[in-house]
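Hi everyone, thanks for making time this morning. I'd like to walk you through one structure, starting with the overall picture and then going down to single side chains. Have a look at it first.

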Amino acid sequence: MQYLPLPPGAGIGTILRQCRKKGWSGRQALWLAAAANYKKFCGNPWRVQPAGFIGADADALYGLYDSRRSSGPIERIRRPAEPFQSCPMCGSLGGRSLDHALPRGRYPEFSILHENLVPACTMCNTDEKGGTYRGSRRQERFIHPYYDRWASRALWRIQFGPDLDALQFKAVALPTLRRRHRLIVEFHVQTLLGKEWRDSVRRLWGPLPAKLRRRVSAAPTVEAMRAELKIQLKDAVECHGVNSWDAGFLRGVLADPLVVAMLMQRVRALPP
């Protein structure tokens, strides 16, 4: 969940080079029109409709990525010279992969369009997102790292349920976002953040009182507790990014006075 500059090789150059090859020139006009539409509507799946390639044409376009997935240009998108702090799509620290912002199964014309190739972790590319590319309401879509400039700031946090012993929680957009951005972020986090993220929240939550106990007194004040949590949030943002899993977790803790109070009780109950 972060804004990225367009990757090297973005634009129509890849299409023009491919269409110079034998058997490809007949696809050029429709392919270029589709790429122009993608750019015009910033990859928005509610505005960009499939170009209409079918049969052998669709199969040939679909297979282009498989034939080039290990090539230098695509590998540089997957593993840039300056690695990301966390997954640009979900905020995890998972392994590096690539995802098609608009799935090539439905949009084969964008299978090797660099603007459509988004660096992502292996979880985004397989487990959670799958073939989903938009929701049931028109505003529901994924954040596009190359076109959604507003994604460079904090977007989400955890919202805890009333039963902290059972640890109920979900990911929500920050209420300070504009409504249209909030709808996008809600769909994004509630679709992408799945079982691995839920496990990570539990791993962060369990040892948190002991971690806080080492940093604050045995009977901390609310001010001292919040100050320490803010330090941890700042560290998480600097180390892993403003929309990383750790940052979203700590923003959620700080946003809920009942959670802070529960942590204070648990800190005080720990043995010296």
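This is a predicted model: local features need pLDDT of at least 70, side-chain atom pairs count only at pLDDT 80 or more; totals for chains, interfaces and linings use all residues.

Residues are numbered from 1 along each chain as its sequence is written, and side-chain values use heavy atoms, with hydrogens and water left out.

Now the overall picture. The C-alpha trace spans about 75 × 35 × 25 Å along its principal axes. The protein has 11 helices and four strands; these are DSSP runs, H or I of at least four residues for helices and E of at least two for strands, numbered from the N terminus. Of the 272 residues, 49% count as buried. For that word I use under 20% relative accessible area, with exposed being over 50% and partly exposed in between (1.4 Å probe, protein chains only).

Contacts next, meaning heavy atoms within 4.5 Å. Among the contacts with a separation of 6 or more, 70% come from residues 24 or more positions apart.

On to charges. Lys and Arg count as positive, Asp and Glu as negative, and His and the chain ends are not counted. Each charge is placed at NZ of Lys, CZ of Arg, CG of Asp or CD of Glu. On that basis there are 43 positive and 23 negative charges, and their mean positions are 5 Å apart.

Side chains of opposite charge can pair when their charged atoms come close. How many salt bridges does a search of the whole structure find? The search finds 10, a salt bridge being a side-chain nitrogen of Lys or Arg within 4 Å of a carboxyl oxygen of Asp or Glu.

D66 pairs with R69, with the closest N and O atoms 3.1 Å apart. D66 also meets R104, again at 3.1 Å from N to O. R104 sits in the loop between β1 (96-100) and β2 (117-121) and D66 in helix α3 (residues 55-68), so this pair ties together parts that are 38 residues apart in sequence.

D199 is partly exposed at 35%, and R202 is partly exposed at 43%.

Next, D148, in the loop between α5 (122-125) and β3 (156-160). Is D148 buried or exposed? At 7% relative accessibility, D148 is buried. Its side chain makes a polar contact with the side chain of R141 at 2.9 Å. By polar contact I mean a pair of N or O atoms within 3.5 Å; within protein, one must be able to donate a hydrogen and the other to accept it, and residues adjacent in sequence count only if both atoms are side-chain atoms. The D148 side chain also reaches the backbone nitrogen of H144 at 2.7 Å.

R78, in helix α4 (residues 72-78), is buried too, at 11%. Its side chain makes a polar contact with the side chain of E75 at 2.4 Å. Leaving aside neighbours within four places in sequence, R78 is in contact with residues including Y65 and R69.

Last, some backbone angles. Most residues other than glycine have a negative phi. C42, in the loop between α2 and α3, has a positive phi near 55 degrees. L167, in the loop between β3 and β4 (169-173), also has a positive phi, about 55 degrees. C42 is partly exposed at 36%, while L167 is buried at 8%.
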